[in-house]
Amino acid sequence: MSNITLGADVEFFLYEQDNPVPAIGLIGGDKRRPRDVREGNLQEDNVMAEVAIKPANTLEEWEHRLNSVYQELMQSVSPYTPLAIPSCQFPDEALTDPKAREFGCDPDLNAYTLEENQISASTLHNYRTCGGHIHVGGFEGDDMTLLRIIFNLDLYLGVPSLFLDHDDFRRTLYGQAGTFRIKDYGLEYRTLSNFWAKDSRLIRWAYNQTVRAVENALDGHEPDPTIAEVINNSDRGTAHELVERYNLEVPYVNAP
């Protein structure tokens, strides 16, 4: 794993007490021109605030960089508080700025069908969702190697996430199994919401399980593709069986 690098981009909602606040105009960076900070960058994405980190080679770098960019975000948006909540409904008056209606992300792909995911922004209405995407680089192999990594990420991250992220609404839209983008350095795994960024234990879990998934994929392990149905249907009963069968780590559930 010495050549493997892990990066991340995570979206947050801003809150003033119990009220969501659009991030528009508070950060000074966007998708085209992110605002660089010491360990990554900050940007506004629709009404969300987004952080991204530089690639990390170790768990220590991963945790330090995520904590660092989060602190930079907190300082930028004060007195509002960034929260790792997967979905949120905004009032009409919070969505009047044209940027709140921009859904400009490049399309992503489904690893099981190899087709573009089709999502209509109209289905969101006043809801917005936040992702916690993990970027994997530095591995060698063909297209099947890349897909095998995604299948293993679904097993080691996507399946346990059913017990850690109870927001099934986002999962029906942006959190489907095997959601990814091809990058020049490797891949971006887009199935997870931002739930794993809310505390240090989950941040470490996300890193360690990504490493475990990549190692197993590079060793040729290919999970049963039916795990996609488990994730897409939020089937926690079958997910529990998979946790036991594969000895999957689920912090706060099966950890001491």
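**Helix α4**

I looked up burial first: in α4, Leu202, Ile203, Trp205, Ala206, Tyr207, Gln209, Thr210, Val211, Ala213, Val214 and Ala217 are buried. The model is a predicted one. I then asked what covers the buried residues of α4. The cover includes β1 (5-16), α1 (59-77), β10 (132-137) and α2.

I checked the length of α4. The helix has 19 residues and spans 27 Å from first to last C-alpha, close to the 27 Å expected at 1.5 Å a residue.

**Ends of α4**

At the start of α4, I found a side-chain oxygen of Asp199 within 3.0 Å of the backbone nitrogen of Arg201. After α4 comes Gly220, and its phi is positive, near 95°.

**Packing against α2**

I took α2 (residues 143-164) with α4 (residues 200-218): their axes come within 8 Å and cross at roughly 145°. The crossing of α2 and α4 is right-handed. On the α2 side, I listed contact residues including Arg148, Asn152, Tyr156 and Pro160. On the α4 side, those making the contact include Leu202, Trp205, Gln209, Arg212 and Asn216. Sorted by class, the contact of α2 with α4 has 13 nonpolar, five polar and two charged residues.

**Asp36**

I located Asp36 in strand β3 (residues 35-37). Is Asp36 buried or exposed? I noted Asp36 as exposed because its relative accessibility is 65%, and the cut-off for exposed is over 50%. I also took the C-alpha separation of Asp36 and Leu173, which is 30 Å, with the two residues 137 apart along the chain.

Conventions. Residues are numbered from 1 along each chain as its sequence is written. This is a predicted model: local features need pLDDT of at least 70, side-chain atom pairs count only at pLDDT 80 or more; totals for chains, interfaces and linings use all residues. Side-chain values use heavy atoms; hydrogens and water are left out. Axes are lines fitted to C-alpha atoms, for helices over the stretch in contact, and angles run from 0 to 180 degrees between N-to-C directions. Helices (H or I, at least four residues) and strands (E, at least two) are DSSP runs, numbered from the N terminus. A crossing is left-handed if the near helix is turned anticlockwise from the far one by less than a right angle, and right-handed if clockwise. Contact means heavy atoms within 4.5 Å. Ala, Val, Leu, Ile, Met, Phe, Trp, Tyr, Cys and Pro count as nonpolar, Asp, Glu, Lys and Arg as charged, and the others, Gly among them, as polar. The expected span of a helix is 1.5 Å times one less than its number of residues. Buried means under 20% relative accessible area, exposed over 50%, partly exposed in between (1.4 Å probe, protein chains only). A polar contact is a pair of N or O atoms within 3.5 Å; within protein, one must be able to donate a hydrogen and the other to accept it, and residues adjacent in sequence count only if both atoms are side-chain atoms.
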